[in-house]
Amino acid sequence: MAQTDNTKHNAQHRTTLKAAHGKKHGRRHGTPHTTTLRRTLRREAPSTVGLLVDAQDFAAMRRYGTFPFDDHTVYLQQVEALLKALTAQGVHTTVALFDPEDYEEFCTESGLDADTGASRSRFTAEIAAAGATVTYTGQGIDDLIPVLVSRAVRQATWEYATLLLADLGTCADCGQDIGRAAFDRASHLLMRLLEMAGPGTHHLVCSVPTDNDQLLAVLHTHRDSTGPARLDSAEGAEFATVLAVAVALESRGGVVLRTSAPDSPDRVHGWRLAHGGLAPLTAGEVFNAYCTDADTGEPVSPESGVEYCAGFDIGAEPPETHH
């Protein structure tokens with residue numbers, strides 16, 4: 001009986017000491033208050049998920065023993081479940097394109113072991129800071145992937161076009177930065193085009209061939225009956241950069257504008273790049289360009305309810321010539 005009392009007494013002492021120790025260091029282990037604070041902090045800490053969008057990229061990651069998946073479909077299902085769970089917790093989540101080749105290069109340059117979850121996490125943080133991301137808003141994974149791929153292509157196009165402009169150097173006669181001058185010119189052309197397009201929802205496409213690739217930029221804008229066109233600043237900069245490449249290189253680029261407005265058919269206009277400006281195409285040229293398959297050259301049936309119109313004169317002054 002005495003031994004039992006001593007045991008109980010020692011247990012009470014241990015409990016008292018633990019409580020005193022926790023109080024001394026300001027800790028209240030497991031209290032509802034700290035749990036709530038931790039959950040609040042978790043909701044305010046953003047998350048980024050790196051996504052392997054296709055089977056080829058997924059297969060490349062399977063060579064790492066610490067990569068836990070062996071089926072791409074199951075992997076995508078698990079990623080979607082994770083995204084939904086984070087959203088349900090109120091966590092702001094973005095999705096980044098995870099490229100295995102870029103990951104391997106990143107690990108080599110950083111001296112990291114590629115076959116660890118910590119390295120994959122660090123790479124995901126890096127691409128989230130500088131790469132293409134999409135904010136997760138509850139959409140299904142099949143709807144998310146095309147948007148993410150499109151965003152990545154847009155960023156790669158913009159980066160490549162920016163490098164092309166930067167490599168042009170300065171004008172030998174006046175010392176002006178050729179790339180900067182071309183960008184300013186392209187921005188002016190874009191603003192004039194949107195101004196002359198009038199009200200409606202506008203979809204613009206700029207296509208510019210280069211030695212190594214075909215650059216393509218897309219811009220969506222809307223303009224009410226009063227006020228200027230509303231456009232995303234990032235999309236506008238990307239579009240102007242690609243257009244600037246055509247201006248600077250005097251390449252065979254082209255611009256197509258499709259305008260939608262209530263109670264009227266869609267209208268399609270077109271221009272070709274000529275001497276640093278936009279030269280209007282005829283209605284027949286617009287029809288031929290829009291109704292021809294770019295890869296095969298075969299005719300494509302025209303859309304019903306669409307008018308193919310000549311490009312209009314945007315009234316931009318001729319550019320200065322630099323050599």
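I began with Tyr 103, which counts as buried because its relative accessibility is 0%. I am keeping in mind that this is a predicted model.

**Helix 5**

Next I looked up which residues of helix 5 (residues 100-110) are buried, and I found Pro 100, Tyr 103, Phe 106 and Cys 107. Seen down the axis of helix 5, these buried residues fall within an arc of 115°, so they line one face of the helix. I remembered a handy rule here: an α-helix has 3.6 residues a turn, so residues three or four places apart point the same way. On the other side of helix 5, I saw that Glu 101, Thr 108 and Glu 109 are exposed. What do the buried residues of helix 5 pack against? I found helix 3 (55-61) and helix 6.

Then I checked both ends. At the start of helix 5, a side-chain oxygen of Asp 99 comes within 2.9 Å of the backbone nitrogen of Glu 101. Just after helix 5, I noted a positive phi of about 70° at Gly 111.

**Rings**

I found 12 aromatic pairs in the structure. In one of them, Phe 58 and Tyr 75 have ring centres 5.5 Å apart and planes at 45°, so I wrote the pair down as tilted. Both Phe 58 and Tyr 75 are buried.

Back at Tyr 103, I saw an edge-to-face pair with Tyr 64, at 5.9 Å centre to centre and 90° between the planes. Tyr 64 lies in the loop between helix 3 and helix 4 and Tyr 103 in helix 5, so this pair ties together parts that are 39 residues apart in sequence. Tyr 64 is buried too, with a relative accessible area of 9%.

Technical notes:
Residues are numbered from 1 along each chain as its sequence is written. This is a predicted model: local features need pLDDT of at least 70, side-chain atom pairs count only at pLDDT 80 or more; totals for chains, interfaces and linings use all residues. Side-chain values use heavy atoms; hydrogens and water are left out. Buried means under 20% relative accessible area, exposed over 50%, partly exposed in between (1.4 Å probe, protein chains only). Helices (H or I, at least four residues) and strands (E, at least two) are DSSP runs, numbered from the N terminus. The arc is that of the directions from the helix axis to the C-beta atoms. Contact means heavy atoms within 4.5 Å. A polar contact is a pair of N or O atoms within 3.5 Å; within protein, one must be able to donate a hydrogen and the other to accept it, and residues adjacent in sequence count only if both atoms are side-chain atoms. Rings of Phe, Tyr and Trp (its six-membered ring) pair if their centres lie within 6.5 Å; planes under 30 degrees apart count as stacked, over 60 as edge-to-face and the rest as tilted.
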